[in-house]
Amino acid sequence: MNQNRHANRHNGDGDTVPDVSRRKFITKAMAGAGATAAAILTTGEVAAAENTEAHSIRIPDEFAQAEKTSPVKVNFPMSGAQVFARLCKEEGLAALFSCPGNYPVVNAIALEGIPTYSGRHEGAMCHAADGFCRVTGEVAAASGTEGPGFTDMINAIATANAARSPVLVLASNMAIVNEDTEAGIQLGYQQPTTEGLKKYGKRLITAKRIHEYGGYAFRQLRSGVPRPVHLDFPAEVTRASFKSAADLEYFHDKARYRTTAKPHPGPKDLSAAIDLLKQAQRPIIVSSNGVFYSKAWDALKKLAEKAQIPVVESGAQKGQFSDDNPLSANAAPSALASADVVMLVGQYCMPTVGEFAFGPDAKYIRVDPCPEDIGRNLPIDVGLVSCEKAALEALADAMPAMKHDAWVAEIAAARKKFEEENDAHYAKGLSYTDAVHPAVIAKELADFMYNGKLPKEQTTFVAGGYGIARYVRRRLRGYRPGQILNGAYQYGAIGPDVGYAFGAAVAVRHGISVQAPYKGSPVICVTGDAGIGYTIMELETASKYRLPIIVIVYNNNAWGTWSGNSRSPVTMSLHLFQENVRYDKVAEGLGAHGEYVTQPGDFKAALERCYQIAVKESRPSLINCQAKKEFWVKQQYEPGFLGTVEPGCMSYNH
Amino acid sequence: MAKGSLNVVRASLQSYADRGVFRGFSEIKSGQFKFVWLLHRQMELTVDTAKHVLRFKQLLPGVPASSPLYAELKSYLQERHDRALPDHRRVDRKRAEVSCSNRAGVVSISLTVKNKQYAYGVNKIVNLVHELFVHLRDAHPDYLVENFDAPQE
């Protein structure tokens, strides 16, 4: 099929412009889904094969047709949208998550063969793009229509901004000619709305500069500290027609408009850092976002092992330093206050004094590509302006081999103590038999992922929720980069978790970047009953694309905030839901598999059933774990609501 | 001698201010220091060189003397002397002694310095208070939310 022919129509001037009808959008968006339906679409049915009722849930045949259709390279004459899509392809944009709207751009990107998915809510799709970035380190895009589709994404843009994710936000924005008129619907100024939530933004108003501004966007996304970039596209730009590259005043290969060079540490600063580390008795490295995005995990391991420096993780994703390594201090919170020199590497979201557990006498080295941020919040002793990978490689080469055996032993003892605390929580949780305690979920989930039949590095995990997260994170371990997506992170948004899981599952399905060895593996996500309300409809999206996601819902009938109002009869009900809500039934109604677990002894078997469905049917599941809100009350149900110590496996705010 | 001890305390505290750990550091009158530190709270540390006592005054509000939290805090503080702790984390009873007091539900933390080891004492009480807040974050998050406006996720 000549998709280019179908993707365009003629305007009154005889020029060819993209067909932007909604019907065409739906068809074209599916065409770019790449391998999305590889495991999916042979039967077209979601429900059990034997269900032949006329009204059973089924996937439309168009998904299979889209899957069979190969992208066709578009050449000049090209529309503005097509020029932009070509640039995205050449820049390696790894995926696009969208809802209907912004049809010229979405269609053009899909037709370039970039995996393109459409969901139920622009916000959830923007969370999906964020999730994709956070488990791959690659750039992903989110798109919505002008006005409401764009503003639906605001919370997700803010969350991605706090997480320092390289999300490319694309939104259509009607026509410049209608500016300030309220003609038609959905007009709005977009760029001021994302002020403070992005690294760079631009309304594209000059069609012939579309390639130039695309270059601006990717320079921002791929350098320094990543954060969202927001471009909005008026119709005059996306529909503009260019007969040749000469019509575009700026149209260069990316080698001409950006560099891959990275900042390296200055010799004097490097020497100061080495001196401090050599003097330390109890040094520690905090590995955060920048280690992941600069792919510095090998250099980190080399430095840590050569100088015997323990490593603790923080950040929006974890797993850069394996918890298998005896130098991992992720699960040793009580040892952190002993560190005398702390080297923060790529810690973009900085804690303030006292938020990390390191003591007041600790000295700090900070490695960051942006000099303007070094010294913010925490005073430093040495600052290294550098790409994280370059700094770690230089340190690994220059540091002498060292031994800190007593310090490593202290961390091992702290780790043992922490695991004993966790086991005590589990024993206590098992004793509560009339509902599922979070300690039971945490322990048995960890055993399933790390101590059972699965290779422990296999499962990509989305750690969402509120109270439940405080139990689950204590058990989470990372064994390879991109394994743990650390929930909404510093912005603290409720409910992005199914969106994140969707994005992570797309990354795993396509085997993008560090997910390549685990291609096709199921993704597991934990969320709460408050959170699931925000993005549960994306289980329909996961069902239609047959993404093997297992969503575990901790259902305690309440917002996590209820306990603060427990002594206030007037306001208490503001924090409660109906009891025993059947999220599993909702999931079934959306094409997923549902399980309802009401006793602690039933959780493990439900998880195993869901995993089998994920593997055999490539189908999502939801496990509705019925708990009770009183589990947060320590006096009634020890250990009650748990706190956190940062950095390490519990860290979430930074 | 008392002046010398006070100077040692003053210099030790000033070093934390110089490093940016304490902010807004000032000696409001002789032996009485104020600074902004953990959870962006203003704290007050006093030194009584006659009794050899360093004290974080009125550090923790909202802790009734009869509450389980206060009992647990007292126990936690005494554990800072535990020989099982590494030397760099332990308060050596030969050099200093930790205690606390509770007036109308407001807890103060004290450290009695022995043999005029004030530099040791300042270092230990500052680290002890830091560790106490880490402990509260870990074991009593609701307390910090209610009394220190610590953020809920």
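In chain B, helix α2 (residues 68-79) lies across β5 and β6, running at about 170° to β5(B). Axes here are lines fitted to C-alpha atoms, for helices over the stretch in contact, and angles run from 0 to 180 degrees between N-to-C directions. Helices (H or I, at least four residues) and strands (E, at least two) are DSSP runs, numbered from the N terminus. The model is predicted: local features need pLDDT of at least 70 and side-chain atom pairs count only at pLDDT 80 or more, while totals for chains, interfaces and linings use all residues. Residues are numbered from 1 along each chain as its sequence is written, and chains are lettered from A and ligands numbered from 1 in the order in which they are written.

The strands β5(B) and β6(B) belong to an open sheet of 6 strands in chain B, in the order β1-β2-β3-β4-β6-β5, with antiparallel pairing. Two strands count as paired if DSSP finds at least two bridges between them. At the edges stand β1 (23-29) and β5 (96-103) of chain B, each of which pairs on one side only. On average, neighbouring strands of this sheet are turned by 20° against each other, direction ignored. Between β5(B) and β6(B) (residues 106-113) there are 8 bridges, in the antiparallel sense. Within this pair, B:Ser99 stands opposite B:Ser110 in β6(B).

Chain A has 24 helices and 22 strands. Its C-alpha trace spans about 80 × 65 × 50 Å along the principal axes. Of the 654 residues of chain A, 59% count as buried. A residue is buried if 20 or more other C-beta atoms, placed from the backbone, lie within 10 Å of its own, exposed if 12 or fewer, and partly exposed in between.

Strand β14 (residues 341-345) of chain A illustrates such burial, as 5 of its 5 residues are buried. In a regular strand the side chains alternate between the two faces of the sheet. In β14(A), A:Val341, A:Met343 and A:Val345 lie on one side and A:Val342 and A:Leu344 on the other, and all are buried. Strand β11(A) (residues 283-287) pairs with β14(A) in the parallel sense over 5 bridges, and A:Val286 has A:Leu344 as its bridge partner. A further 5 bridges join β14(A) to the parallel strand β15(A) (residues 363-368), where A:Ile365 is the bridge partner of A:Met343.

Leaving aside neighbours within four places in sequence, A:Cys525 is in contact with residues including A:Val462, A:Ala501 and A:Ile550; two residues are in contact if their C-beta atoms, placed from the backbone, lie within 7 Å.

Between the chains, 25 residues of chain B are in contact with 21 residues of chain A. Helix α3(B) gives 9 residues, the largest share of the side of chain B that touches chain A.
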